[in-house]
Amino acid sequence: GQAMPLTIGKLSQATAVNVETIRYYERIGLLAAPARTSSGYRTYSEQNAARLRFIKRGRELGFSLDEIRTLVELADQPGHACTDVDRLVQTHLVQVRQRIADLQRLEAELQRLAGCSESSVRECRIIEALSAAD
C-alpha cells in the first residue's frame, strides 16, 4: 500500500540530510516542491526521499550541485542515451584523479614532517614548516 507521507523532520531523519539543506534543495529546484497539508505543512513521499538520497550520494561522491542537477534530469529520462551521463562522469573522474594526486602530495609532505621529537615547540620542524613563507 501507499506509505504514510513524511514530514520534513521525518524525511530529514530518514535520509540523514538536515532540514535547512532540504529546504535549500527545494529553493534551487533540485528537489520538487512537496505537497502541502491543508494547514500548510510540507509532506514528502518515498519518491521525494529516494530523490534526496540520490542527491546526497552525488554530493558524497563530490559532484557539484549543477552536475547533480544534470544527473537528476538524465535520471528522469530513462530512455535517453547514456552518453551525457558518461561525459559527465568522465569529466568528474579527471577532477577526482587530480584531487587524489593533490592528496598524495599532501600525504608525502605530512609524512616528511611527522615525527617531531623535539622537546619544545620552538625546535619543532612541523611548526617551522607551517610558519615558513613560500
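# Reading a predicted chain, feature by feature

Analyst: Start with Ala16, which is exposed at a relative accessible area of 56%. Exposed means over 50%, buried under 20%, partly exposed in between (1.4 Å probe, protein chains only). The model is predicted: local features need pLDDT of at least 70, side-chain atom pairs count only at pLDDT 80 or more, and totals for chains, interfaces and linings use all residues. Residues are numbered from 1 along each chain as its sequence is written, and side-chain values use heavy atoms, with hydrogens and water left out.

User: Where does Ala16 lie? And what is its phi?

Analyst: Most residues other than glycine have a negative phi. Ala16 has a positive phi, near 55°. Ala16 sits in the loop between helix H1 (8-15) and H2.

User: How many helices and strands does the chain have?

Analyst: Helices are DSSP runs of H or I with at least four residues, strands are runs of E with at least two, and numbering starts at the N terminus. This chain has six helices and two strands. Their order along the sequence is α-α-β-β-α-α-α-α.

User: What share of the residues is buried? What of the surface?

Analyst: Buried residues make up 22% of the 134 residues. The accessible surface (Shrake-Rupley, 1.4 Å probe; for residues, only the protein chains shown count as cover) comes to about 9,800 Å². Carbon and sulfur atoms hold 54% of that surface.

User: How far apart in sequence are the residues in contact?

Analyst: Contact means heavy atoms within 4.5 Å. Take contacts between residues at least 6 apart in sequence: 44% of them join residues at least 24 apart.

User: Is Glu26 buried or exposed? What does Glu26 touch?

Analyst: Glu26 is buried, because its relative accessible area is 14%. Beyond four places in sequence, Glu26 touches Leu31, Ala32, Pro34, Arg42 and Tyr44.

User: What does Val72 contact?

Analyst: Val72 belongs to helix H4 (residues 65-75). Val72 has 7% relative accessible area, so Val72 counts as buried. Setting aside neighbours within four places, Val72 contacts Arg51, Phe54 and Ile55. Val72 and Arg57 are 15 residues apart along the chain, with C-alpha atoms separated by 12 Å.

User: How far is Lys10 from Arg57 in space?

Analyst: The C-alpha to C-alpha distance is 19 Å, for 47 residues of sequence separation. Lys10 is in helix H1 and counts as partly exposed at 48% relative accessibility.

User: Is Val94 buried or exposed?

Analyst: Val94 is exposed, because its relative accessible area is 56%. Val94 is part of helix H5 (residues 83-113). The C-alpha atoms of Val94 and Glu128 are separated by 34 Å, and the two are 34 residues apart along the chain.
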